[in-house]
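Please look over the sequence and the fold first.

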Amino acid sequence: MSKNLPEIFAAVENRVNHLGQSWQKFSQKISQDLPETYQPEIQEISTQLAKATEKLLNELHHPTLAIATTGTTSSGKSTLVNLLCGAEIAPVAVSEMSAGVVTIEYSLEKSLVIQQTPGATWECGEWQGISETEICQRLNRVMTSYLDRKQSDPQIACPISLIRYPFRLQSQLQLPPGTKVKIMDLPGLAYVGDEGNANLIRQCREALCLVTYNSAETDQQKINNLLQEVVEQVKELSGSPARMLFVLNRIDVFRVDNHWPESERGYC
């Protein structure tokens, strides 16, 4: 598919240019036959079409691939994010650690930005040339502080963080030149429905969404709860199933069975 992307983009660009040329010829022709009072309206249509065309062509020349990650409680989502980045920059904990949205944009220079939000009890600011360890430590402090504060103040604004980092996924994907890749680490599904996260979640509805699920859970009641959590919160994301991939994390737990291939197939 990646080998055909340049051809697909070129075909779309040709259609866009053809549409602009066709409208120009059509507008010139009808302008000759319509009263003068219609001219401002025709000009407005031409202006709006030109703006839309310019925006679309810019997106074709500089496209953005957005990958959003979310998952059930303690499903290994942070581990998946670190795998995509090729570095331990997302805090990993046994309990739920996700808080707010962390956006990771590809850049050769490393930096971390924690936006100032109303009522923040955590340190906000920008750090340039920051190491992977310090990124992880600062995010850990932010998330811990937010989750602690949220217990007494459910309406507190969630933290918003931006990491610029040379993650390996950019080089592994065969994408058209000029393509920008960003990873949006969403809060765990237990927090997706929070009003504080609602606006941030809506930004991800056009992204490729990776939903992680803990395959190692054996308690049937917890399994049922987690599955229901997935169903309800995926609805909250309002994304298309065609843009969602479900990641069965810790699937290797079945390898300890004597007949693990059958167990694994039966689970999937």
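The model is predicted.

**Helix α1**

Helix α1 covers residues 5-33. At 1.5 Å a residue, its 29 residues should span 42 Å, and the end C-alpha atoms are 43 Å apart, which agrees. Leu5, Val16, Trp23, Ser27 and Ile30 are the buried residues named for α1. The buried residues of this helix pack against α2 (39-61).

| Partner of β2 | Bridges | Direction | Example of bridge partners |
|---|---|---|---|
| β5 (residues 160-165) | 6 bridges | parallel | Thr103 and Leu162 |
| β6 (residues 180-185) | 4 bridges | antiparallel | Ile104 and Ile183 |

In a regular strand, side chains alternate between the two faces of the sheet.

**Aromatic pairs**

The structure holds 3 aromatic pairs. One of them is formed by Trp23 and Phe26, a tilted pair with 5.8 Å centre to centre and 45° between the planes. Trp23 and Phe26 are 3 residues apart in helix α1, so about one helical turn separates them. Trp23 has a relative accessible area of 19% and is buried; the cut-off for buried is under 20%. Phe26, at 44% relative accessibility, counts as partly exposed.

The rings of Tyr106 and Phe167 have their centres 5.5 Å apart and their planes at 80°, so this pair is edge-to-face. The pair links distant parts of the chain, 61 residues apart: Tyr106 belongs to strand β2, while Phe167 lies in the loop between β5 and α5 (169-172). Tyr106 is partly exposed, with a relative accessible area of 34%. Phe167 counts as buried, at 1% relative accessibility.

Where do nonpolar side chains tend to be in soluble globular proteins? They tend to be buried together. In this model, the largest nonpolar core has 30 residues, and Ile89, Ile104, Ile163 and Phe167 touch the most other members. At least two residues of this core come from each of α3 (77-85), β2, β3, α4 (132-152), β5 and β6. The largest share, 6 residues, is supplied by α4.

Which residues does Phe167 touch, leaving aside those up to four places away in sequence? They are Leu84, Cys85, Ile104, Glu105, Tyr106, Val181 and Ile183. Among these contacts of Phe167, Tyr106 is its partner in the edge-to-face pair, and Ile183 is the bridge partner of Ile104 in β6.

There is also a second, separate core of 6 residues, which includes Ala66, Ala68, Met184 and Ala207.

**A loop residue**

Thr117 sits in the loop between β3 (111-114) and β4 (125-128). Is Thr117 buried or exposed? With a relative accessible area of 7%, Thr117 is buried, because the cut-off for buried is under 20%. Not counting residues up to four places away in sequence, Thr117 touches Trp122, Cys124, Ala157 and Cys158.

How values were computed:
Residues numbered from 1 in each chain as written. Predicted model: local features only at pLDDT ≥ 70, side-chain atom pairs only at ≥ 80, totals over all residues. Heavy atoms only, no water. Pairing = 2+ DSSP bridges. Buried < 20%, exposed > 50% of the residue type's maximum accessible area, 1.4 Å probe, protein only. Contact = heavy atoms within 4.5 Å. Phe/Tyr/Trp six-rings, centres within 6.5 Å; stacked < 30°, edge-to-face > 60°. Core = buried A, V, L, I, M, F, W, Y, C linked by side-chain atoms within 4.5 Å. Expected span 1.5 Å × (residues − 1).
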